[in-house]
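The sequence and structure come before the details.

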Amino acid sequence: MAEQEQESRYRRPTYLPYRRTDYEAERHEHGYHEPPSQRYPNRRIYGAYATEEPPPYVPHPYDHSCFKPREEDYKPPAECEPTDARRCARPNQRALTSDQQTRFLNAFTQLNNMSALGPLVDIHSNSVHQMHNHPRFLPWHRIYLLRLEELLQMVDPTVCLPYWNSSVDQAFPAWLSTFTPTVNLMTGPHTVTRNVGAFATLPDAAAVAALQGIGSFNTFANALEGIHDSGHVWVGGSMMSVPTAPCDPIFWMHHAEIDRIWSEWQVANPGQNPPLAGPAAVMDPWTETEPDTRDITALGYSYV
Ligand SMILES: [Cu+2]
């Protein structure tokens, strides 16, 4: 019996048409190696940043974080905004004005045009980061979303990541439906496709509400990841495949919704955190640790 179960667990991904994971059974050794830099491919130009182990980033002390004019050139007020002043109230995509929609699409397009999006998408295709079917799922994607939001704000500081409340608004957002960018991935250019509703139904509000009654993190997160998976398949096309899903802007709004649901659950279940320790608690390829991901206010954003 136990052997049969082991066998079925081993073969499951190839023949079960639906998702059934067990976080405890799927733990594997976590080994992380810095991938060769996608952002700095030319060693002559970028020096050590192009190597597998770029030099560590050393933050400036606070009083050295801004350039300052000479005393005789100083004209008050000359202020340099501290970088941790970033605050985002993430909006419901349904509530965006047409100006906000345009700004989001412009910022997303510009990031793509300056080759900043492709490398971020490629991070998602490297399963060494163990960001799916694992207690890292929620904290890892929380940091991943922040990185896109930070990039968007470099182009347009008024843009915050919208969320798509798909259990209530069970239709593909109309303002995104003709936006199908082509993103340069390490495997080559990928043009976003969709096949809405063809292969799954979208979990409804009752299914999402039921999550809030779950008391343990792993059970909650596993159930939420299942609901998230169905959303990916419901959109279809690029969203069905892990390496291409983040090319579609709906990926980020779908994940913002998942992150929002987790943030609400966190408020109702204080102290229930992902059971992660050692290297598994580091949200590689970034340096944030699991405790850093617990408080969205400390991370500089909220949901409205
Ligand atoms: Cu993912």
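## Helix α5

Helices here are DSSP runs of H or I with at least four residues, strands are runs of E with at least two, and both are numbered from the N terminus.

Buried residues of α5 include Phe137, Trp140, His141, Arg142, Leu145 and Glu149. A residue is buried if 20 or more other C-beta atoms, placed from the backbone, lie within 10 Å of its own. The cover over the buried residues of α5 includes β1 (88–90), α3, α4, α7, α8 and α9 (296–299).

## Packing of α3 on α5

Two packed helices are described by the angle between their axes and the distance between the axes. For α3 and α5, the axes come within 9 Å and cross at roughly 100°. Axes are lines fitted to C-alpha atoms over the stretch in contact, with angles from 0 to 180 degrees between N-to-C directions. The two helices α3 and α5 are therefore roughly perpendicular (65 to 115 degrees).

On the α3 side, Ala107, Phe108, Gln110 and Leu111 meet Leu151, Leu152 and Val155 of α5. Contact means that the C-beta atoms of two residues, placed from the backbone, lie within 7 Å.

## Nonpolar core

The largest nonpolar core holds 47 residues, and Leu145, Leu224, Ile250 and Trp252 have the most contacts inside it. Such a core is a set of buried Ala, Val, Leu, Ile, Met, Phe, Trp, Tyr and Cys residues joined through C-beta atoms within 7 Å. Elements that give two or more residues to this core are α3 (98–113), α4 (117–124), α5 (137–155), α7 (217–235), α8 (249–268) and β4 (301–303). The most come from α8, with 9 residues.

Beyond its neighbours within four places in sequence, Trp252 is in contact with Leu145, Leu148 and Leu161.

## Whole chain and confidence

The protein chain has 9 helices and 4 strands, and 27% of its 304 residues count as buried.

Mean pLDDT (the predictor's confidence in each residue, from 0 to 100) is 86 for the chain, with 81% of residues at 70 or more. Over residues 1–13 pLDDT stays under 50.

Residues are numbered from 1 along each chain as its sequence is written. In this predicted model, local features need pLDDT of at least 70 and side-chain atom pairs count only at pLDDT 80 or more, while totals for chains, interfaces and linings use all residues.

Conventions: A residue is buried if 20 or more other C-beta atoms lie within 10 Å of its own, exposed if 12 or fewer, and partly exposed in between; C-beta atoms are placed from the backbone. Angles under 35 degrees count as roughly parallel, over 145 as roughly antiparallel, 65 to 115 as roughly perpendicular and the rest as oblique.
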